[in-house]
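My entries follow in the order of looking.

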Amino acid sequence: MASLLRFRKLCYVEPAVSKCSFQSYDKVIKKHDNQSCIPPPPPPPPPLRKITNDGDKRKVLRRRRDSKEWRCLDWCCWMVGYICTTWWLLLVLYNALPGFEVPESPGVKLKKEGLTPLHPVVLIPGIVTGGLELWEGKPCADGLFRKRLWGGSFTEIFKRPLCWLEHMSLDNETGLDPPGIRVRAVPGLVAADYFASWYFVWAVLIENLAKIGYEGKNMHMAAYDWRLSFQNTEVRDQALSRLKSKIELLYVTNGYKKVVVVPHSMGVLYFLHFLKWVEAPSPMGGGAGPGWCAKHIKSVMNIGPAFLGVPKAASGLFSGEAKDVAFARAMAPGVLDSELLGLQTLEHVMRVSRTWDSLMSLIPKGGETIWGNMDWSPEEEYDCYPTKTKYVQSALTESSQSTNETDGKLGFKVKDPVRYGRIISFGKTTSQVQSSNLPSFDPKEISRGRHQHKSNSSCGDVWTEYDEMSRESIRGVADNKAYTAKTLIDLLHFVAPKMMRRSDAHFSYGIADNLDDPKYSHYKYWSNPLETKLPDAPDMEICCLYGTGIPTERSYVYRTSPTDRCKSIPFRIDSSVSGGGDGCLRNGVYFVDGDESVPVLSAGFMCAKGWRGKNRFNPSGIPTYIREYKHKTPAFFEGRGLESGAHVDIMGNVALIEDVIRVAAGATGLEIGGDKIYSDILRMSERINLRV
C-alpha cells in the first residue's frame, strides 16, 4: 500500500518532475522494494549576480515587493465587485424594508379598479421634444438618410457641427426648407416617447395607457415639424389635414367614441390653432364646418400649457440666452464666446433659432394688460421663499406675545414691489426705479442710424441681424431702458426685422376688441387665445394641467457686451446681478411661481378666467378646470420623480397620469376632482383687468 501511495505522489501528482516510466502496475509492484520512483535532483540554480550597489539592492527589493502587491487589474475587479454588491444590497433593502416598496404604477392600479379603454387618445408633442430625420441633404450629410438629426443620440452634432446647423436651419425668407434640404418629423409613437435614450418624454404616459389596454389602434402621436409656423406645417406637410383625418378615423373605428387630445407645452398652441383651422372654410382652413369639434372631441388635457407665451422665449430671441445659458456663459466665457477656435456658440444658436418660426409663437401675448406695465404686474406680491417667511413670521408672533409689545426693530421691512412687468431691463437700477425716471424707447428715433456705420462691417457674411446695426443704435437700445410685453414687440422688430416680418405673417400678440371683426378669421390670430373664440362645443371640456412650486423665469436684467468683436451679440443677461437674501432676483433673472419654464400666469389664466363660464372668448360655455401639481423634489431612488412638477418631468407625475387615464376611460373633469389649485392663479387673474 505504501508503494502505491508513493507511486501516485511521484508519478501522477507530480508528473512534470518524475522520470518514472509508466510501466504496468504489476511491474511497479515487483520492483518497489529494489527500485523506488525517486525524482532526480533539481537543476542547480543560476549563479546569483553579486549585488554591487544600493541601486541594485533597491531593484531587487522592489521586484520582491511588487511580486506580492496587487496589480491595477486586481484593484479594478475588486472595486467593480464591491459596487455591484453594494447596489444589489441596496436594491434588496429598497424592495424588502417597510416604506421602501416600489410604488404601483398608475396603469396597474387603475386596471385593478376596472378601468378599460373607452375614448381614443391623441398625443401632441411640444417644441424640441419631437424627433426630426433627414430625407435630403447637402454632400456634407452623406450617410445620414433617414437618420435622426434631432432627438436620439445627437452624435452628429459632434461629428459635423456646422453641417448639422445648416440642415437644422430653415429659410430666412420663407420659413420653409432651404434649397436642397429636407428634414421631416419622425412618425409614430417613437417620435417623442424619448428625447434621448435616457430621457423620457411621453414614454411613461404611453406605457401606463397601454397597461389598461391602449395600443396603436386607439392611441396616436400627432408628430409634426415643430420648427415651422403652425400654418406652414399644413402648407408643406399637410400635418393639420392628417391630424383631422386621424381623429375622424379613430372616432369611427372605436365605436364612434369622441377623442381625448393630450397636447404638451407649445403643442397646446398648435392644437388651439387646429381647433380654429378645422372648422374654417378652405383653402385657409380645413373646411369641416361648425360642429366638427363638438362631434369628435371629448376633452383637451393641456399639459404644461403656454397659452400666453413665456418670457424666456423673448430672451432667447433677443440674446440667445436663458437662465442656465447665462450662468454658464459667466462661469466659462471661453467656451461660449471664444473666437480662438471659431466656436461662438451663442451666435450659431441665434442664427439657427431665429429661423424657427415656432419660437415666435411663444412670445408673451396680451401686452401690458396681462404681463404688467412699468410699475405694476399681477405677480408683484409673489413670495420667493414662503417657508422662510412663515418661519420668521411665527418667530415674530411668539416674541410679540411674550413681551405684549411690538419691537420696531423686529418688524418686517416693507419691500419695494418687484416690477415684473419690465421683462427686459438694462441694469439692476433700471429694473427697480420709478418709471418716471426712465427714458422711453422710440424705435423710429434710433432706426435712422441702423444701416449706417455698421458695427461689424468687415465680418463677411451676416450671422445675425445684429451685424446690420450701428453702434449708435445698440447704445440707443440700452441706455437705462426697460421694456414691457408691449414695447418688447417693438424692440424685436427693431433688432430682428427679417425674423419679425415672418412673425407678423403668422402670429399676433394682442387682445381682440371685437372678435366678430372679419380680420380675426385670418390664421395669424388662431393660436392666440385672446384673439380667437373657442369652437361651439358645449360638451367638450378643457383642462389645464401644470406644475407649481418651482422658480420660473419672468424678467431679465441685461447689459451690453463688447461690440468690437466680429459677429458678436451686443446684449447679454447680467448674471453678476442678484437681489437680497429674500429677493427674487438671482444671476440677472427675476423668478416667479411656475413649472421651471412656463409661469403660472401663462399656464392657468385662460382656465381660471379667460375661458371660465360663457364669455366672448368661450361663447358656448365649454367647462374648464385647473389641475395643479405641486412640485416635490424626487428622492434618491425616484430618478426624475414621481411627483415632479417640472415642465417635462411632469409627464411622469403619478397624479397627472391618473387624471389623464381616468378621463380617457370616460370620467369628466368634475369626476376627477374639478379644480385643484395650490398657486395664486385665482388672485392674479382677478388683478388682471381684462374684459371677458
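I counted two strands as paired if DSSP finds at least two bridges between them. Helices (H or I, at least four residues) and strands (E, at least two) are DSSP runs, numbered from the N terminus. I looked up V122 under these terms and found V261, in β8, as its bridge partner. Strand β1 (residues 121-124) and strand β8 (residues 259-263) run parallel and are joined by four bridges.

Notes on the source: the model is predicted, local features need pLDDT of at least 70, side-chain atom pairs count only at pLDDT 80 or more, and totals for chains, interfaces and linings use all residues. Residues are numbered from 1 along each chain as its sequence is written, and side-chain values use heavy atoms, with hydrogens and water left out.

Next I traced the sheet. It is open, with six strands in parallel pairing, and I read the order as β7-β1-β8-β9-β12-β17. β7 (219-221) and β17 (624-630) are at the edges with a single partner strand each, so one side of each has no neighbour in the sheet. On average, neighbouring strands are turned by 15° against each other, direction ignored. Axes are lines fitted to C-alpha atoms, for helices over the stretch in contact, and angles run from 0 to 180 degrees between N-to-C directions.

I then checked helix α11 (residues 266-279), which lies across β1, β8 and β9 (297-303) and runs at about 150° to β9. Contact means heavy atoms within 4.5 Å.

Last, the totals. I noted 25 helices and 17 strands in the protein. Of its contacts with a separation of 6 or more, 74% are between residues 24 or more positions apart.
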